[in-house]
Amino acid sequence: MSNRITDIGTMRSSVDADSRRSTFGSKKTAKLGSEKNPAVVRVQSEARFQEVSATFAKHGWECRISIEPDQAEDLGDLERLQHPQKPTVVEKKLGRNEPCSCGSGKKFKNCCGK
């Protein structure tokens with residue numbers, strides 16, 4: 001006969017492991033511009049092709065460039081690589097019992113928090 005406490009611990013850890021897999025089960029994509037996820041760019045002329053490919057080579061980014069004169073240029077991936085989105089910093093919310101930000105000296109809940 002096995003120890004009941006050990007059995008419960010084993011059951012709990014197996015349940016936790018199952019829920020973790022479903023929560024974090026999505027596949028992670030590779031970084032844009034890497035070999036696994038190259039940037040896809042569409043240009044209209046050979047001169048523009050040379051210019052864009054030089055930019056990719058300068059930074060060491062992987063890319064797929066196609067020349068299609070009858071369609072509009074698509075440089076979205078290049079723009080994302082050159083100007084990556086910075087994380088937004090959220091300003092800390094004022095607590096109810098902290099002094100009000102208007103400078104009255106009252107608590108926030110008795111001043112502007114009504």
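Trainee: Which residues does Ile 67 touch, not counting residues up to four places away in sequence?

Mentor: This is a predicted model, in which local features need pLDDT of at least 70 and side-chain atom pairs count only at pLDDT 80 or more, while totals for chains, interfaces and linings use all residues. Residues are numbered from 1 along each chain as its sequence is written, and side-chain values use heavy atoms, with hydrogens and water left out. Ile 67 has its place in strand β2, where strands (E, at least two residues) and helices (H or I, at least four) are DSSP runs numbered from the N terminus. Taking contact to mean heavy atoms within 4.5 Å, and setting aside residues up to four places away in sequence, we find that Ile 67 touches Val 43, Gln 44, Ser 45, Glu 46 and Phe 49.

Trainee: How far apart in space are Ile 67 and Val 43, C-alpha to C-alpha?

Mentor: Val 43 is one of the residues that Ile 67 touches, although the two are 24 residues apart in sequence. From C-alpha to C-alpha, the separation of Ile 67 and Val 43 in space is 5.0 Å.

Trainee: What pattern does the chain follow when it is read along the sequence?

Mentor: The secondary structure of the chain comes to three helices and two strands. Read along the sequence, these elements follow the pattern α-β-α-β-α.

Trainee: What kind of aromatic pair do Phe 56 and Trp 61 form?

Mentor: Rings of Phe, Tyr and Trp (its six-membered ring) pair if their centres lie within 6.5 Å, and planes under 30 degrees apart count as stacked, over 60 as edge-to-face and the rest as tilted. By this rule the count comes to one aromatic pair. In that pair, the rings of Phe 56 and Trp 61 lie 6.1 Å apart centre to centre with 75° between their planes, so the arrangement counts as edge-to-face.

Trainee: Is Leu 75 buried or exposed?

Mentor: Leu 75 has its place in the loop between β2 (63-67) and α3. Leaving aside its neighbours within four places in sequence, Leu 75 is in contact with Val 41, Arg 42, Val 43, Arg 48 and Val 52. Because its relative accessible area is 16%, Leu 75 is classed as buried.

Trainee: With which side chain does the side chain of Asn 97 make a polar contact?

Mentor: Asn 97 lies in the segment after α3, and it touches Lys 107 and Lys 109 once residues up to four places away in sequence are left out. A polar contact is a pair of N or O atoms within 3.5 Å; within protein, one must be able to donate a hydrogen and the other to accept it, and residues adjacent in sequence count only if both atoms are side-chain atoms. At 3.1 Å, the partner of the Asn 97 side chain is the side chain of Lys 109.

Trainee: How many disulfides does the count come to?

Mentor: A disulfide is a covalent bond between the sulfur atoms of two cysteines, and it is counted here as a pair of cysteine sulfur atoms within 2.5 Å. The sulfur of Cys 102 is 3.5 Å from the closest cysteine sulfur, in Cys 100, which is too far for a bond. By this rule, the count of disulfides comes to zero.

Technical notes:
Buried means under 20% relative accessible area, exposed over 50%, partly exposed in between (1.4 Å probe, protein chains only).
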